[in-house]
Amino acid sequence: MNRMRDFAPDAPDAAPFDAAFLHDPYPTYRRLRAAGPVLWRDDVFQGAWVLTRHADIELALRDPRFSSQRTGGWVKRIPGVDASLSGRRAQAGLDLFQRLFGSAMVFLDGADHQRVRKAMAAGFHPTLIRTLRADVERLTDELLDGLDAHAGFDFIAEVARPLPSRVIGLMLGIDREDEARFMAWSDDLAAFIGALQPTADQLRAAQRSLLQMVRYFDALLPARRASPGTDLVSRLLQAEAAGELRADGELLAQCAMLLFAGHETTRNLLGNGLYTLLTHPDAWARLRADEDGMTLAIRELLRYDSPVQYTGRRVATELTLHGTTLGRGDLVIALIGAANRDPERFADPDTFDITRRAGSHLSFGSGPHVCIGAGLSLLEADVVLRAVLRRWPTLRMLDAAPRWNGIAGLRGLAALPVSVS
Ligand code: HEM
């Protein structure tokens, strides 16, 4: 095996995934790309291959030699986890977490993946998503009506965080008063899932929160079984009754992961999106003059600063890529954020250009696992950004360098204070 330990023999920066990286990962991606297409890094998940090129990442996401089943080592190989497993209860809790986590659609392969995806697909059909537009507009207006833009407000806390949570809550048919709990549980999962080197503490918090989410959904099921609605949970229950989902917690795992995936990512599309537009006044002015440019602009926002910066795969069958052998079982980290700035795929990749048409970003992934919620998040971004642009054309940032959330994989702002001038 040919594992280059760092970028290059004279590795200029041995620890690139530092605080500066969390603030702005793009210089690091450029250096990684220059160092070679397939790099072994000890400082990524206790050792992983890192890919930066668009073509290679697309291959890894589409080729069955790269498996999506990768949760085992993710959990077990965290330093300090074994030490914390002193009792049988602790071990059982971790095993349950691992089973639930590993049952989520995004971590399944082949026939199992197709079966679960099929059960979920009707709930995300484009026609259904289009019918949600009025609800998304109403929920957005409710949030924006309550804001005093002259006094200023934090766009993340007041809009980007609650809106996607309300929308996915609506789809799953869950109560608004439970929102704060969900967001907290989901944030614990995000801190774990989005860490390049998750800690035992992050794992414990994610474990606690996932189990609480699952218990919450479990308590909802009897009433939904008794009187099903049109919500996603009722649909999944019907799929379970039809034998399309296994009755061993598979349904609960999908609900929990949907809740998580449905808002941790869209929050950052809204936040990164508004931030990018406000820091590119020409683009903002252009959209003010021509709102129809919004669809293309959102596509470019996704490319330019993707809410999901990477995903992972495990090598299922040994293979050679650019002369490097990737062994069976090795972890591969596909840096979506780097692929989206690959000069071989995008002309002038570091320029934000809302009229860009060529090239397709990988922010929603590619292949069998391509994001099932893409249409929903595009709808939310379209509604929110248009509403903000119309209401507050003179919006500006109150803090020239807002704080990032510090989560490498789920890139987003911790706060985005804004006001109208
Ligand atoms: C801007 C917002 C979003 C981004 C950037 C995003 C990104 C992604 C990416 C990159 C993947 C592929 C992961 C992989 O191949 O390993 C994915 C899959 C997935 N996403 Fe999203 N997502 C977003 C919004 C949503 C929403 C709103 C939902 C649900 C309501 C959702 C649910 C899912 C699910 C269930 C999968 C797994 C699909 C499968 O395995 O077949 N996502 N997403």
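Okay, let's start with valine 420, which is partly exposed, because 14 other C-beta atoms sit within 10 Å, and a residue needs 20 or more to be called buried. Keep in mind that this is a predicted model.

Where does valine 420 sit? You'll find valine 420 in strand S10, residues 417–420. Now look at leucine 395: 25 residues separate it from valine 420 along the chain, yet their C-alpha atoms are 4.4 Å apart. If we set aside the neighbours within four places in sequence, valine 420 is in contact with Ala149, His150, Trp392, Thr394 and Leu395.

Next up, helix H8. That one runs over residues 133–145, so to speak 13 residues, and spans 18 Å from first C-alpha to last, close to the 18 Å expected at 1.5 Å a residue. Which residues of H8 are buried? Val136, Leu139 and Thr140 are. They cover an arc of only 100 degrees around the axis, so they're on the same side of H8.

Last, the ligand. Of the 23 residues around it, Gly262, Thr265, Gly365, Cys371 and Gly373 come nearest. Helix H14 (250–278) and H18 each give two or more residues to that shell, and H14 gives the most, with 6. By type, the shell divides into 13 nonpolar, 9 polar and 1 charged.

Note on methods
Residues are numbered from 1 along each chain as its sequence is written. This is a predicted model: local features need pLDDT of at least 70, side-chain atom pairs count only at pLDDT 80 or more; totals for chains, interfaces and linings use all residues. Helices (H or I, at least four residues) and strands (E, at least two) are DSSP runs, numbered from the N terminus. A residue is buried if 20 or more other C-beta atoms lie within 10 Å of its own, exposed if 12 or fewer, and partly exposed in between; C-beta atoms are placed from the backbone. The arc is that of the directions from the helix axis to the C-beta atoms. Two residues are in contact if their C-beta atoms, placed from the backbone, lie within 7 Å. A residue is near a molecule or strand if its C-beta atom, placed from the backbone, lies within 6 Å of it. Ala, Val, Leu, Ile, Met, Phe, Trp, Tyr, Cys and Pro count as nonpolar, Asp, Glu, Lys and Arg as charged, and the others, Gly among them, as polar.
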